Amino acid sequence: MKKLTIPDIIKRKGGEKLTVLTAYDASFARLLDAAGIDILLVGDSLGNVLLGYESTVPVTMEEMLHHARAVRRGSSAAFVVADMPFLSYQISVEDAVRNAGRFYKEAGSDAVKLEGGTEVCPAVRAIVRAGMAVMGHIGLTPQTAANLGGYKAQGKDADSARRLLADARDLAEAGVFAIVMECIPDRLAKVITESVGVPTIGIGAGPDCDGQVLVTHDLLGMFEKFVPRFVKGYANLAPQIRQAVTGFKQEVQAGSFPDAAHSFTMQLDVDSLINDRE
Ligand code: KIV
């Protein structure tokens with residue numbers, strides 16, 4: 001499969017749906033890349049899923065870079081987008097450009113994603129002007145979920161729906177190449193999708209977006225702490241993982257692992273080695 005370019009991604013608007021999944025390490029990146037997933041998102045959701053934080057707020061630039069580098073090493077055809085963590089783009093436009101540049105220079109990322117609407121457009125414009133690509137993210141924005149009243153659907157009343165539409169238009173005008181829309185009503189997602197010239201990528205935003213994204217650990221049934229309503233489990237691996245490691249523990253304790261098939265045999269006469277030492 002040929003790696004997508006930004007113009008290729010924009011051309012997919014209204015056409016073949018874009019598939020986006022999170023990847024946090026090289027082994028998953030290799031699997032998703034081989035399955036033909038278009039875009040791998042090094043999401044700051046790794047804070048919850050991998051690092052055990054209660055939210056994405058504590059995730060640092062160094063943590064994101066560490067995982068973005070691993071995903072780059074594991075992928076060949078997939079387009080890799082790295083999430084800019086909380087406070088890496090809000091303090092100043094200079095900071096935003098510098099931190100976006102670190103994903104390009106130190107992790108080989110193809111684009112960065114940042115959360116927010118009209119208020120982040122100056123940062124988006126500056127990053128794009130510096131020659132980098134930006135994916136937007138509106139609706140439920142986990143880094144500022146506390147200000148939104150928690151992890152709940154957005155844009156359910158006329159005022160906030162209007163606000164989200166304006167956010168999407170402003171982001172498109174500022175130069176994003178795609179917009180993630182998280183947890184918004186399906187009809188609003190359709191209106192926004194029809195109102196902007198760049199692809200929309202839905203997560204809990206209904207079927208009328210130009211693409212869909214999920215957290216891979218959710219899709220595989222590996223993260224049981226919290227499963228949002230919009231998640232569809234395409235596998236249920238957590239019980240299988242528990243069963244496998246319980247099997248290992250039982251066999252080790254019973255002395256049945258490792259057996260001859262999983263051990264190395266020696267042609268030498270071991271007794272003679274012991275005698276040689278004496
Ligand atoms: O961090 C993340 O995984 C995300 C997706 C849920 C879109 O931003």
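This is a selection-by-selection tour of a predicted model.

Residues are numbered from 1 along each chain as its sequence is written. Because the model is predicted, local features need pLDDT of at least 70 and side-chain atom pairs count only at pLDDT 80 or more, while totals for chains, interfaces and linings use all residues; side-chain values use heavy atoms, with hydrogens and water left out.

**Whole chain**

The C-alpha trace spans about 85 × 35 × 35 Å along its principal axes. Colour by secondary structure: there are 11 helices and 8 strands, taken as DSSP runs (helices H or I, at least four residues; strands E, at least two) numbered from the N terminus. Of the 278 residues, 47% count as buried; buried means under 20% relative accessible area, exposed over 50%, and partly exposed in between, with a 1.4 Å probe and protein chains only. The chain exposes about 14300 Å², of which carbon and sulfur atoms supply 56%; accessible areas come from the Shrake-Rupley method with a 1.4 Å probe, and for residues only the protein chains shown count as cover. Among contacts (heavy atoms within 4.5 Å) with a separation of 6 or more, 58% join residues 24 or more positions apart.

**Helices H4 and H5**

Select residues 61–74 for H4 and residues 93–107 for H5. Their axes are 9 Å apart and meet at an angle of about 35 degrees; axes are lines fitted to C-alpha atoms, for helices over the stretch in contact, and angles run from 0 to 180 degrees between N-to-C directions. H4 passes H5 in a right-handed crossing, meaning that the near helix is turned clockwise from the far one by less than a right angle. Now show side chains. On H4 the contact is made by Met 61, Glu 62, Met 64, Leu 65, Ala 68, Arg 69 and Arg 72, and on H5 by Asn 99, Arg 102, Phe 103, Glu 106 and Ala 107. These residues divide into 6 nonpolar, 1 polar and 5 charged. Here Ala, Val, Leu, Ile, Met, Phe, Trp, Tyr, Cys and Pro count as nonpolar, Asp, Glu, Lys and Arg as charged, and the others, Gly among them, as polar.

A salt bridge is a side-chain nitrogen of Lys or Arg within 4 Å of a carboxyl oxygen of Asp or Glu.

**Further salt bridges**

The whole structure has 16 salt bridges. Next select Glu 54 and Lys 225, whose closest N and O atoms are 3.2 Å apart. Glu 54 is in the loop between H3 (46–49) and H4, and Lys 225 in the loop between H9 (216–219) and H10 (237–254), so the pair ties together parts 171 residues apart in sequence. Both Glu 54 and Lys 225 are exposed.

Move to Arg 242 and Glu 224, a salt bridge with closest N and O atoms 2.9 Å apart. Arg 242 sits in H10 and Glu 224 in the loop between H9 and H10, 18 residues apart. Arg 242 is partly exposed at 43% relative accessibility, and Glu 224 is partly exposed at 47%.

Then select Glu 194 and Lys 190, with 3.0 Å between the closest N and O atoms of their salt bridge. Both lie in H8 (residues 186–195), 4 residues apart, about one turn of the helix. Glu 194 is exposed at 57% relative accessibility, whereas Lys 190 is partly exposed at 35%.

**Last stop: Gly 197**

Gly 197 lies in the loop between H8 and strand S7 (200–203) and is exposed at 56% relative accessibility. Leaving aside neighbours within four places in sequence, Gly 197 is in contact with Ile 10 and Lys 13.
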